[in-house]
Amino acid sequence: MSVRFHLPNFVDRFNGSMNMTLISMIKRMPRMFYDGVEIASVFDCFPMIWNGGRIMAGYMDMQTVDKLVPQYLGRFNSLGVPCRLTLTNPLLTREHLNDPVCNRVLDIADNGMNEAIVFSPLLEEHIRKRHPNMKMISSTCKQIRDLPTLESELEKDYSLVVLDYNYNNDFDTLAKIPHKDKCEILVNAVCTPNCQRRGEHYRYIGKYQLEHCDPAELAKIQAGTAKIEEWQCPHMKNNAFIRRNSPLHVSPQAIYTKYVPMGYKAIPHKPLKIRKKNGII
């Protein structure tokens, strides 16, 4: 039995290093973890306009891209772990597809191992044309809530489909979903159930990326004067202990006693929180 976890952060210095340590520990000391635990990928992005995950303001010129992107991706690839780029900005136009930084990042990432998480049909079509062999993951940002549409999504050419987290613990519906081996379960979502502002939040991140990925923003960051204007929502402040009381939370015990026996094996964490047998890492 294998349970495939997908963890955030390969760019963030602290969390990226913690992920690398965790990957090494699982390989060297598997007895410290639940049976079958596998880190199947890490997900993140660079300061670029296609990003739609967490806000990543700043700027990279081509020289920086060619120097740093292989380093960040390579340290995980060398451990046999793919990096997933969160290319989920919902506000992209055809003009944005020509962005040289974004295209160069994809050229470097397309090494047969790394993957792209997509939302925009426009960007997905562009990537498929330029990188036909790159694995594509359908993002939870699509908010697919009805079963027929989800079934159609699972029939498409995606390596995985990240389920809307409102399906969490809805076992009657989860039992009906086909191709469970192609589904990811977001086990510790930050949002409240059935959040009415969720789409607005995604658009806020996308707009922020389009407006703050430029040399002027980089200058502010280097001068220490940059200030990210985070999305205002009380649930964003919920820590891991508060989230455990959410009806959307999926516990380690539930993963092993309910989800895995049903056929679900891909588990993204956001943020990182993996339990050991006798504690928490």
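Here is a walk through this protein, from its overall build to a few single residues.

The model is predicted, so local features are described only where pLDDT is at least 70, side-chain atom pairs count only at pLDDT 80 or more, and totals for chains, interfaces and linings use all residues. Residues are numbered from 1 along each chain as its sequence is written, and side-chain values use heavy atoms, with hydrogens and water left out.

Let's start with the whole protein. You can find ten helices and ten strands in it; these are DSSP runs numbered from the N terminus, helices (H or I) having at least four residues and strands (E) at least two. Its radius of gyration is 18 Å, close to the 19 Å that the globule rule gives for 281 residues, so the protein is as compact as a globular protein of that length. Here the radius is taken over C-alpha atoms, and the rule is 2.2 Å times the number of residues to the power 0.38. Along the principal axes, the C-alpha trace spans about 50 × 45 × 40 Å.

How much of the protein is buried? Of the 281 residues, 49% count as buried, meaning under 20% relative accessible area, while exposed means over 50% and partly exposed lies in between (1.4 Å probe, protein chains only).

Now step into helix H8, residues 215-223, where Glu217 is found. Glu217 is buried yet has no salt bridge, which would be a side-chain nitrogen of Lys or Arg within 4 Å of a carboxyl oxygen of Asp or Glu. The nearest side chain of opposite charge, Lys220, is 4.3 Å away; in this count Lys and Arg are positive, Asp and Glu are negative, and His and the chain ends are left out. Leaving aside residues up to four places away in sequence, Glu217 touches Ala57, Gly58, His212 and Ala226, where a contact means heavy atoms within 4.5 Å.

Next, look at the backbone in two loops. Most residues other than glycine have a negative phi. Asn9, in the loop between strand S1 (3-8) and helix H1 (13-28), has a positive phi of about 90° although it is not a glycine. Asn194 also has a positive phi, near 55°, and is found in the loop between S7 and H7. Are these two residues buried or partly exposed? Asn9 is buried, with a relative accessible area of 10%, whereas Asn194 is partly exposed at 41%.

Finally, visit helix H10 (residues 252-262), whose buried residues include Ile255, Tyr256 and Tyr259. Just after H10, Gly263 takes a positive phi of about 115°.
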